[in-house]
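Here are my notes on the model, as numbered points. Please read them with the structure open.

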Amino acid sequence: MKTKPRVWIKLRFLFSVSRSFFNPIPTTPIAKTRVWAPVAAISTITASINETSSAKSRLWTQIRGTAATTALVNGTPDENLVEEAKDDPPIDSADVFRKWGCSDSEIDMIFLRRPSLCRADPDLIQSKLNLLSLLGLTSSDIVKIINRRPRFLSYRINMCFDERIKFFLELFGSRELLHKAIVRNPSLLIYDLDGKIKRVVELYEEMGVPRPDFTLMVLSRPTMMSRTSFNNEKLEYISRTGVSEKSKMYKYVVVLMGISRLETIQEKVGNLEKFGFSEEEVLGLFGRSPLVLTLSTDKVQRNMTYVLGTMKLPARLVLDRPFLLFANLEAVLRPRYLLAEKIEEMGLAPQIKGPKLLTALRMKEDRFLRAFVACHPESISKELMEYYRNIKGLKRLALASKKNIHGRFPF
């Protein structure tokens, strides 16, 4: 005679009740357990996860099921493991950021920059933050990144994460440099690895920029990955600067030419040609001082006009003294030149003339004041100091109407 299924259900219910009766729940709290999962497992699972909440809730269950014993990035037990402290599941995205170390003011700033994160799935946010924690990113780093790039957590940073990090570790050579590079340019986690990042690295190697120099330039010029392009005109400009591949300036010339548009380079060359320089002289100036390429045409024009028109210095002096283009007109050039005229008018010594004028323009503020103001008797020193401060206090015309453009990541 067959036993009815109903009987088996009753027997199982009685067994479960008796077991719970004779094995009461312990009164002492259970210690939090830690689960270690490989980076490769995280990137594979989170890449295939659907947008449904049921699939997202199974994320860490799948990761725990595929836990490995080898690691790639962090100082975990085997360098490829990410740690999950089993705790109460987060209520919402704000709770995720709070448990990750963000203060209430930082969370408010995050939601102000990206309001959609308020409604984001907490499991999905948690999985992305766990990936970022492997790179050493802290809560302050995340706030800084989201403040300047609000949509960062909306991208699929988990795609090819393990392969990407392995390549970056080989490229930068240390976790510290990799952390600094990602904070400077978080889009490194988003760019196409094969189609953009590796292609740009190979392009600069073909141009003669070794990898150690390339990594340093990536830290100083984060736009290299997104804006680098070379054509025949740019290559001709680089060769005409006269800088050899062995020169320390070569990497700066190549990178700045590479990330600049051809129209911008031509505009800056033409701007200097207006003051009597030939194209060869301008390109030679770029070779000796590549950072001139980073100056705006407005700044170069204003400085050159003051140097030639007011200070009465020869234009060719700028080719040998490029600092005249970098110096701040309102804070350095004009105040110090007018103070030099004041000292000459009062018949004081030492006077700021000839080569000493160029030296005075390059001095730091405190050294300049000690050398040419504090050296006089107290009454004269106070008079000169008051005159100097009044000159520096003069603002540029229409400066108040200038629009304030808040900084964002240019990539």
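1. Overall make-up. The chain has 24 helices and two strands. This is a predicted model, so please read each point below with that in mind.

2. Burial and contacts. The chain has 411 residues, and 43% of them count as buried. Take the contacts in the chain with a separation of 6 or more: 72% of these link residues 24 or more positions apart.

3. The core. The largest nonpolar core holds 108 residues. Within this core, F97, Y204 and F214 touch the most other members. In soluble globular proteins, nonpolar side chains tend to be buried together.

4. Y204 in detail. Not counting residues up to four places away in sequence, Y204 touches V209, F214, M224, T228, F230, V254, V255, G258 and I259. F214, one of these partners, is also listed with Y204 among the core residues that touch the most other members.

5. K268. Look at this lysine in helix α16, which spans residues 262-273. K268 is buried, yet has no salt bridge. The nearest side chain of opposite charge is E267, 7.7 Å away; a salt bridge needs the two groups within 4 Å. What does the side chain of K268 reach at 3.2 Å? The backbone oxygen of L295. Beyond four places in sequence, K268 touches L293, T294, L295 and T297.

6. Cysteines. The disulfide count is zero. C102 is buried, at 4% relative accessible area. C118 is partly exposed, because its relative accessibility is 39% and that class lies between 20% and 50%.

Definitions and conventions:
Residues numbered from 1 in each chain as written. Predicted model: local features only at pLDDT ≥ 70, side-chain atom pairs only at ≥ 80, totals over all residues. Heavy atoms only, no water. Helix = DSSP H or I, 4+ residues; strand = E, 2+ residues; numbered from the N terminus. Buried < 20%, exposed > 50% of the residue type's maximum accessible area, 1.4 Å probe, protein only. Lys, Arg positive; Asp, Glu negative; His and termini not counted. Polar contact = N/O pair within 3.5 Å; in protein donor to acceptor, adjacent residues only side chain to side chain. Contact = heavy atoms within 4.5 Å. Core = buried A, V, L, I, M, F, W, Y, C linked by side-chain atoms within 4.5 Å. Disulfide = S-S within 2.5 Å.
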